[in-house]
Amino acid sequence: MEPGIALTGLACELIESGLLDEQQIRQAQKEADRERISLVAWLARHRLVDSQRLMLLSGRAFGMPCFDLDLFDMGHAPAGLVSEKMARTHRVLPLQLQGNRLRVAVSDPANHQAISDIQFCTGLCVETVLVDDELLSRVLDRFYAPAGADLGAEPDSLAISDDAREIPPDGSEDAPAVRLVRDVLLRAVKEGASDLHFEPHEKYYRIRCRTDGLLYELARPPMSLASRISTRLKVMAGMDIAERRRPQDGRARLDAADGRPVDMRVSTLPALWGERIVIRILDASLSCLGVDELGLEAEQQRLYLSALRQSRGLILVTGPTGSGKTRTLYSGLATLNTGSLNISTVEDPVEISLDGTCQVNINPRQGLGFAQVSRALLRQDPDVIMVGEIRDPETAEVAIKAAQTGHLVLSTLHTNSAAQTLERLRNLGIPAFNIAAAVSLIVAQRLVRRLCTCKREISLPQEVLLQEGFPPESMGCFTLFEGVGCSECRDGYRGRTGIHEVVRITPELQQLIMRGGNSIEMAALATAEGFHSLRVAGLLKVMQGVTSLSEVNRVMG
């Protein structure tokens with residue numbers, strides 16, 4: 001902008017507002033031209049003008065609406081549409097997806113290249129709002145992972161399974177779907193999600209993730225990407241991309257920049273409006289977790305470790321799907337995996353790779369069920385056998401006999417309590433004397449969400465606390481908390497921990513089993529012998545400030 005050339009637009013606005021004089025404006029424009037960036041970007045970079053004032057004046061000069069990011073809930077922002085690399089390069093942030101229109105926040109109204117790139121990659125119509133540049137920087141850091149965080153590397157640093165094809169160049173028609181899948185997987189792993197749901201519907205396509213046991217919406221990609229997303233996931237999992245009428249199962253793997261492998265179990269199901277795909281995220285680092293990280297109380301942990309040290313017996317971990325049974329089993333196996341024992345597992349399928357052990361997937365079509373594989377393992381000189389689940393009388397019989405013949409056996413059952421587990425074995429046809437002789441320990445468990453540090457104190461009447469089951473002697477000795485919610489958590493909770501009922505089969509319980517006692521009598525005797533019920537274990541976590549009373553009530557029903 002040479003002297004003598006009339007000033008227009010933003011330059012005039014800055015001079016009229018008294019923020020800069022004409023000489024400063026001309027010098028700033030000269031430097032911006034030299035760096036090949038816009039005047040707005042140069043001023044924001046060098047902080048010559050307050051960022052809030054610069055936003056308001058730029059909006060007036062360019063006729064673009066301004067928006068306060070402090071008023072926006074970033075939890076509602078669509079994920080996976082704009083990659084972190086593109087967002088930081090162009091300084092843009094996706095705010096809202098409505099149909100085929102994507103609204104994004106920008107701090108430079110003259111950055112037309114950013115809009116063109118986003119439109120090309122997403123296939124959406126892009127609308128822009130102007131935001132404060134400094135505030136945009138902070139929100140970008142919250143929305144995307146920091147550069148040095150675990151699993152926060154650029155997507156190109158990730159590798160997928162050997163069957164996966166190479167990522168096509170940006171100009172190919174599948175590139176938006178590839179990037180979306182890649183970014184959604186990264187975000188799900190980063191947030192500690194256990195499952196990802198890709199769901200086609202009549203008028204929209206939705207991606208949800210299960211975090212801390214609850215489903216949250218991540219993104220709503222355009223319907224035009226539905227088939228490409230499905231194809232991409234199938235390629236990654238080594239599935240037949242042409243088969244859309246039958247369910248398929250496959251596996252894929254992500255290798256993060258820190259070298260930590262993240263396995264994925266992929267399942268497809270033909271539904272009314274297209275293929276529904278669910279991904280179970282299997283973090284291999286779970287195999288390294290210690291028993292002390294399960295959330296067991298001190299006495300419960302002692303009982304579990306004591307049972308693991310025995311050379312024989314059956315340890316049963318029970319609870320509904322998603323209650324953390326696999327993690328408890330693998331924590332025990334990791335404790336035993338010292339190299340001096342022959343450890344074998346039979347699972348459907350193997351979820352966590354544990355180095356130094358023999359792990360077998362069942363394959364009923366080939367005659368490899370739980371019972372058949374368990375019998376074969378007994379001929380492999382085993383010390384410890386882990387049976388993924390006791391589903392039928394045959395598997396129950398094999399597990400009981402293995403425990404009675406000098407092997408330590410670990411397995412799971414779908415029951416609600418320790419007492420019901422014993423009754424369930426009896427219903428599977430196992431004689432009472434075999435149950436009493438073989439079963440050494442039962443762990444019934446649930447997972448509850450942990451309160452974030454943003455928690456706040458609450459108070460409830462003493463009568464209510466007593467009705468909830470808190471012991472009378474504890475009144476006034478603990479503080480109740482509830483979740484508040486902040487930028488670091490979801491709804492006031494962050495992560496999960498276990499609540500457990502750990503029951504050792506004592507001589508008195510053995511006698512009751514032999515007499516044919518029912519689950520009510522067994523539960524009463526277990527309580528009398530000092531073993532905490534699940535409800536009591538949950539209330540202990542509330543008294544310790546780990547979780548809230550409402551969360552325990554939600555999980556326990």
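These are my notebook entries on a predicted model of one protein chain.

**Ground rules**

I number residues from 1 along each chain as its sequence is written, and my side-chain values use heavy atoms, with hydrogens and water left out. Since I am reading a predicted model, local features need pLDDT of at least 70 and side-chain atom pairs count only at pLDDT 80 or more, while totals for chains, interfaces and linings use all residues.

**Entry 1: the whole chain**

I began with the overall extent: the C-alpha trace spans about 105 × 60 × 45 Å along its principal axes. I then looked up the secondary structure and found 20 helices and 18 strands. Helices (H or I, at least four residues) and strands (E, at least two) are DSSP runs, numbered from the N terminus.

Next I checked burial, where buried means under 20% relative accessible area, exposed over 50%, and partly exposed in between (1.4 Å probe, protein chains only). Of the 557 residues, 50% are buried. The chain exposes about 26200 Å², with carbon and sulfur atoms supplying 48% of that area; accessible areas come from the Shrake-Rupley method with a 1.4 Å probe, and for residues only the protein chains shown count as cover.

I also looked at contacts, meaning heavy atoms within 4.5 Å. Among contacts with a separation of 6 or more, 64% are between residues 24 or more positions apart.

**Entry 2: domains**

The domain assignment lists domain 1 (1-62), domain 2 (64-131), domain 3 (174-282) and domain 4 (287-448 + 496-533). Such bounds come from an automatic or database domain assignment. I looked up one spacing: the C-alpha centres of domain 1 and domain 3 lie 46 Å apart.

**Entry 3: two cores**

A nonpolar core is a set of buried Ala, Val, Leu, Ile, Met, Phe, Trp, Tyr and Cys residues joined through side-chain atoms within 4.5 Å. The largest one here has 62 residues, and Val82, Leu93, Leu196, Phe198, Ile229 and Ile279 have the most contacts inside it. Helix α8 (residues 175-190) gives the largest share of this core, 7 residues. Domain 2 and domain 3 each contribute at least three residues to this core. I noted a second, separate core of 61 residues, which includes Val317, Val350, Val384 and Leu428.

What does Ile229 touch, leaving aside its neighbours within four places in sequence? I found Ala177, Leu180, Val181, Phe198, Tyr205 and Pro221.

Ile229 is one of the buried residues of α9. In this helix (residues 226-236), 9 of the 11 residues are buried, so α9 is largely enclosed by the rest of the structure. The buried set also includes Arg232 and Lys234. Just after α9, Gly238 takes a positive phi of about 70°.

**Entry 4: one side of helix α10**

Which residues of helix α10 (residues 298-308) are buried? They are Gln300, Leu303, Tyr304, Ala307 and Leu308. These residues cover an arc of only 135° around the axis, which puts them on the same side of α10; the arc is that of the directions from the helix axis to the C-beta atoms. Their cover includes β10 (313-318), α11 (325-336), β14 (408-413), β15 (439-451) and β18 (493-504).

**Entry 5: an aromatic pair**

Rings of Phe, Tyr and Trp (its six-membered ring) pair if their centres lie within 6.5 Å; planes under 30 degrees apart count as stacked, over 60 as edge-to-face and the rest as tilted. By this rule I count 1 aromatic pair. Phe470 and Phe478 have ring centres 5.0 Å apart and planes at 20°, so the pair is stacked. Both Phe470 and Phe478 are buried.

**Entry 6: backbone details in loops**

A cis peptide bond joins Asp348 and Pro349, with omega about -10°. Pro349 sits in the loop between β11 (343-347) and β12 (358-361).

I then looked at two aspartates. Asp212, in the loop between β5 (205-211) and β6 (214-219), has a positive phi near 55°. Is Asp212 buried or exposed? Asp212 is buried, with a relative accessible area of 15%. Asp381 has a positive phi of about 55° although it is not a glycine, and belongs to the loop between α12 (370-378) and β13 (384-387). At 63% relative accessibility, Asp381 counts as exposed.

**Entry 7: Thr395**

My last stop was Thr395 in helix α13 (residues 393-404). Thr395 is buried, at 2% relative accessible area. Leaving aside neighbours within four places in sequence, Thr395 is in contact with Phe370, Ala371, Val387, Glu389 and Ile390.
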